[in-house]
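Colleague: I would like to go through a model with you, beginning with a pocket and then turning to the sheet. Could you show it to me?

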Amino acid sequence: MRIVFLSPDEPLYLPEFYRYVIEKLSSGHDIKVIIVPPVYKNTTKLDLSLRYAKTFGVKEAAILSFRVIYYKGMDFLFRGRGDVFYSMSAVFKKYGIPYLYEDDVNSKRNIDRLKDWKTELLISISCPQIFKRELIELPLKGCLNLHGSILPDYRGVMPSFWVLANNENEAGSTLFFVNEKIDAGDVLVQRKFPVHPDDTLESFIRRSKRIGAEMVVEGVEKINRDKAETYALDMSKGNYYGWPKREDVKRFLSNGRRFR
């Protein structure tokens, strides 16, 4: 299949995600990647940084900024050496996967590009943009999104944080076909896994991403074999979470959870 992934340029977790997916799928499929900005339209990186600092504190915002700078530095110094990747582009270059940057996934430029590529399957991984109908209906095999929760629970943003803040014993991920509603499409693959008492947000996200990568491979192979059985979500159930407030972070910490 001709598969196009849509992702922000995230250096901490997605390089390993893509390494796994590409190693499993690239020999049997034509894979391309479109990298989008981590923020959308009227929001700037400064806006995002200030909001993060206001919610999680200046110290956590500084640590996150340092980690991103560290990863960029390591990518500059050690790209192409060994099997440790500090950027998504380093993974793509290592495995010969074409990639490019696009600001608006719904733009005519991007729609025309996907048509020219004869895209059969679109897969959104942490893409922060809302897909419009023309984009959703473009690929012959459909448009998938990977969400880090057991949908319809924990729709919205930062499900990993909310699962830990709410002291859940069980978490999960869902690979579903995108429709025009948020986190509401028919489910192709869903997995559940335990939340460990000593899970930090860092360890939990890394485990969730690895399981998500396995689910993407499983979902692609189901579609490729024409065995893509799906089921609809009961949207009368579940819940939606937005960006956390400062008191949510205090509750997260008072529950004994840590960021790293």
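**Pocket and sheet**

Modeller: In this predicted model, the second largest pocket has a volume of about 210 Å³.

Colleague: Which residues are the closest to its centre?

Modeller: Leu 12, Tyr 13, Glu 16, Phe 17 and Arg 206 are the closest to the centre, out of 15 residues that line the second largest pocket.

Colleague: How many residues of the lining are nonpolar, polar or charged?

Modeller: The lining of the second largest pocket has 11 nonpolar and 4 charged residues, and no polar ones.

Colleague: Turning to the sheet, in what order do the strands lie?

Modeller: The order is E3-E2-E1-E4-E5-E7-E8, an open sheet of 7 strands with mixed pairing. Strand E3 (99-101) and strand E8 (187-194) are the edge strands, each pairing on one side only. From one strand to the next, the twist averages 15°.

Colleague: Do E1 and E4 run parallel or antiparallel, and how many bridges join them?

Modeller: Strand E1 (residues 2-8) and strand E4 (residues 121-125) run parallel and are joined by 4 bridges. Phe 5 stands opposite Ile 123 in E4.

Colleague: Which strands does H1 touch?

Modeller: H1 packs on the sheet and touches E1, strand E2 (30-36), E4 and strand E5 (143-147). The direction of H1 makes about 175° with that of E1.

Colleague: Where does helix H5 lie?

Modeller: Helix H5 (residues 108-116) lies across E1, E2, E3 and E4, and runs at about 175° to E2.

Definitions and conventions. Residues numbered from 1 in each chain as written. Predicted model: local features only at pLDDT ≥ 70, side-chain atom pairs only at ≥ 80, totals over all residues. Heavy atoms only, no water. 1 Å grid on protein atoms, 1.4 Å probe; cavity = no way out; pocket = protein on both sides within 12 Å on 5 of 7 lines; lining within 4 Å. Points joined across faces, edges and corners; volume = space filled by probe spheres on them. Nonpolar A, V, L, I, M, F, W, Y, C, P; charged D, E, K, R; others polar. Pairing = 2+ DSSP bridges. Helix = DSSP H or I, 4+ residues; strand = E, 2+ residues; numbered from the N terminus. Axes fitted to C-alpha atoms, helices over the stretch in contact; angles between N-to-C directions. Contact = heavy atoms within 4.5 Å.
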